Amino acid sequence: MPDFYQVTLFAKDVATLGGFYRDVMGLKVTYPTGDGSLEGEDWVTLDAGTTTLAIHSGGEINSGSRTKLSTKVDDLDLMRQDLKNRGFEIDEPKSVSPYVKSANMSDPEGNLISLDQVVEPS
């Protein structure tokens, strides 16, 4: 069985998109190392738990993505309010299964993100 170790997003603006996933979504930059500036970079990688999120130059702003990045959050309501306070648009939470509450948003280049709060059955 394949082991997906990396997801790559092609970006028009690597610094902005990398900064979003670092500063807003809280992922740690693994490349480049150094002063924290992403300006002028063509390749950025971030620790996304069991995989790596890579951002590569050469993309276009996404106007109709067929890809969605799903991420687990501990407290969807708190995360959603924090994102709204920062000026991001995010959908109202919905129950997508008996154990998952989810809300969707888009990153600065239009890639869809699903914020999912998973509640383990008791």
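## Start of helix 1

At the start of helix 1, a side-chain oxygen of Asp 13 comes to within 3.2 Å of the backbone nitrogen of Ala 15. The backbone nitrogen of Asp 13 is itself reached by the side chain of Glu 109, at 2.7 Å. The model is predicted.

Helix 1 spans 14-24. Eight of its 11 residues are buried, so the helix is largely enclosed by the rest of the structure. The buried residues are Val 14, Ala 15, Leu 17, Gly 18, Gly 19, Phe 20, Tyr 21 and Val 24. Gly 26 follows the helix, with a positive phi near 80 degrees.

## The nonpolar core

The largest nonpolar core has 25 residues. Tyr 21, Met 25, Ile 55 and Leu 115 have the most contacts inside it. Several elements each supply at least two residues to this core: strand 1 (6-11), helix 1, strand 3 (43-47), strand 4 (52-57), helix 2 (76-85), strand 7 and strand 8. Helix 1 gives the most, with six residues. In soluble globular proteins, nonpolar side chains tend to be buried together.

## Asp 107: buried, without a salt bridge

Asp 107 sits in the loop between strand 7 and strand 8. Asp 107 is buried but has no salt bridge. The nearest side chain of opposite charge, Lys 12, is 13 Å away. A salt bridge needs a separation within 4 Å.

Which polar contact does the side chain of Asp 107 make with another side chain? Its partner is the side chain of Tyr 21, at 2.7 Å. A polar atom of the Asp 107 side chain also lies 2.8 Å from the backbone nitrogen of Glu 109. Beyond four places in sequence, Asp 107 touches Leu 9, Leu 17, Phe 20, Tyr 21 and Ile 113. Among these, Leu 17, Phe 20 and Tyr 21 are buried residues of helix 1.

Glu 109 is placed in the loop between strand 7 (100-106) and strand 8 (112-118). Glu 109 is buried and has no salt bridge. Lys 12 is again the nearest side chain of opposite charge, here 7.9 Å away.

The side chain of Glu 109 reaches that of Asp 13 at 2.7 Å. The backbone nitrogen of Glu 109 is 2.8 Å from a polar side-chain atom of Asp 107.

Methods:
Residues are numbered from 1 along each chain as its sequence is written. This is a predicted model: local features need pLDDT of at least 70, side-chain atom pairs count only at pLDDT 80 or more; totals for chains, interfaces and linings use all residues. Side-chain values use heavy atoms; hydrogens and water are left out. Helices (H or I, at least four residues) and strands (E, at least two) are DSSP runs, numbered from the N terminus. Buried means under 20% relative accessible area, exposed over 50%, partly exposed in between (1.4 Å probe, protein chains only). Lys and Arg count as positive and Asp and Glu as negative; His and the chain ends are not counted. A polar contact is a pair of N or O atoms within 3.5 Å; within protein, one must be able to donate a hydrogen and the other to accept it, and residues adjacent in sequence count only if both atoms are side-chain atoms. A nonpolar core is a set of buried Ala, Val, Leu, Ile, Met, Phe, Trp, Tyr and Cys residues joined through side-chain atoms within 4.5 Å. Contact means heavy atoms within 4.5 Å.
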